[in-house]
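Take a look at the structure below.

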Amino acid sequence: MTILIRLLRIALVTILCIVSFAALFEFLNAVPTHLSLPDHPQGGVANPRGSLVVDALVWGVVFRAPGYLLNGTIPLLIVLAVTEWKPAKSWRWYFTIWIIAGLLATSFPVSNPLRLSAALLSAAATGYLYWLLAGKSAGDWLQAWRTREPNAGHKLLNYAAYVVLAYLGYQLSGYLYYGGKLLWVSSGPEPDPGTPPFHVRFEREMTASQKVAMMDFPDPASCLKKAETDDLSETRLKEMDWDRIDNEDEAEVCVFRLLGSYENLSYATDWFKAQGFDVPEKFSSSHPYTERDGTQRVAGMHSIRKNGPKFPTKGVIRRAFRSIPHGMSVDATWSKDGKQLLWVKTGFSTL
């Protein structure tokens, strides 16, 4: 019972701290802009200065926090579970852990001093908050657990706590494996773009996670459900294996591999509908949306509120986080003549 209650407390405090970090980070990011705005309306236009900071806080809680919770909760729980077992009661441990987590969450903004300062200050404050609520009592439960009186009910709850710890250990192995691949693509040679060659929007540099996805799904066959045939017919290309998709980068790579295998965008609407997406008439193959530069876009829409998240298809906790947005969109952009797929972009609607 003691172990289970402590794990629950750590989880709740971690979630609170992640949301607090998101709100504080957006708040501190908005402060320089807030201070730079004039005190009085200009040209008859109302000054937004008063609401800017409040809007930043709301943005942090509503939009930033869900992403941080999705990607950061389990890794942080694993690390914080280690500090419990050690036990580590010094505030320095938690400052270090949350600063590293904050820098990872904000992609190490070393080129932007103001953003870097906001990340460091937010992470330091969050680390202190975690230390106050949970860190300074780390390991106290061990003494209580060792001096407990034998009880059948307590034994059952302790076994449940061990199951939770085993689950966290299993998740840790997955994160270490994926982290190793991220490190490999970041320090090693550029992975092959695959077939058809994967591109990102505006030809900007790919992130490490995009490179891993490109490496894990090198061709159309790697994105399809298992079958006895190696045929890549028009019908077969519609059998995308969503069970293998874990994140947006993998979804974008596989959609690109499969849609890019068709001759032109005329097949896009049928392909999206085969995946269970709705295709608006003004964004369909017959009436693609034409951008200012002449490129053509076809879009598929998926209602998460009605049908659940498209990915991941496994994992109760991860699917719960992915269920926060109410909708998902996939935009596929072709060349001016509609014969070459240029890039694919996924998006999520929260409000």
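Start with the bond. Cys223 and Cys254 are joined by a disulfide, with 2.2 Å from S to S. A disulfide here is a pair of cysteine sulfur atoms within 2.5 Å. By this rule the count comes to one disulfide. The link between Cys223 and Cys254 is left-handed, with -85° about the S-S bond. Cys223 sits in the loop between helix H7 (208-216) and helix H8 (248-259), and Cys254 sits in helix H8, so the pair ties together parts that are 31 residues apart in sequence. Helices (H or I, at least four residues) and strands (E, at least two) are DSSP runs, numbered from the N terminus.

A word on the source. This is a predicted model, where local features need pLDDT of at least 70 and side-chain atom pairs count only at pLDDT 80 or more, while totals for chains, interfaces and linings use all residues. Residues are numbered from 1 along each chain as its sequence is written, and side-chain values use heavy atoms, leaving out hydrogens and water.

Buried means under 20% relative accessible area, exposed over 50%, and partly exposed in between (1.4 Å probe, protein chains only). Cys17 is also buried, at 0%.

Now turn to the cores. In soluble globular proteins, nonpolar side chains tend to be buried together. A nonpolar core is a set of buried Ala, Val, Leu, Ile, Met, Phe, Trp, Tyr and Cys residues joined through side-chain atoms within 4.5 Å. The largest one has 35 residues, and Leu259 and Phe272 have the most contacts inside it. H7, H8, helix H9 (268-274), strand E3 (327-334) and strand E4 (341-349) each supply at least two of its residues. H8 gives the largest share, seven residues. Leaving aside residues up to four places away in sequence, Phe272 touches several residues, among them Leu259, Phe277, Val298 and Val330. Contact means heavy atoms within 4.5 Å. A second, separate core has 30 residues, including Val13, Leu76, Trp98 and Trp131.

Last, look at two helices. Helix H3 (residues 91-105) and helix H4 (residues 113-133) pack at about 140°, with their axes 8 Å apart. Axes are lines fitted to C-alpha atoms, for helices over the stretch in contact, and angles run from 0 to 180 degrees between N-to-C directions. Residues making the contact include Trp98 of H3 and Trp131 of H4.
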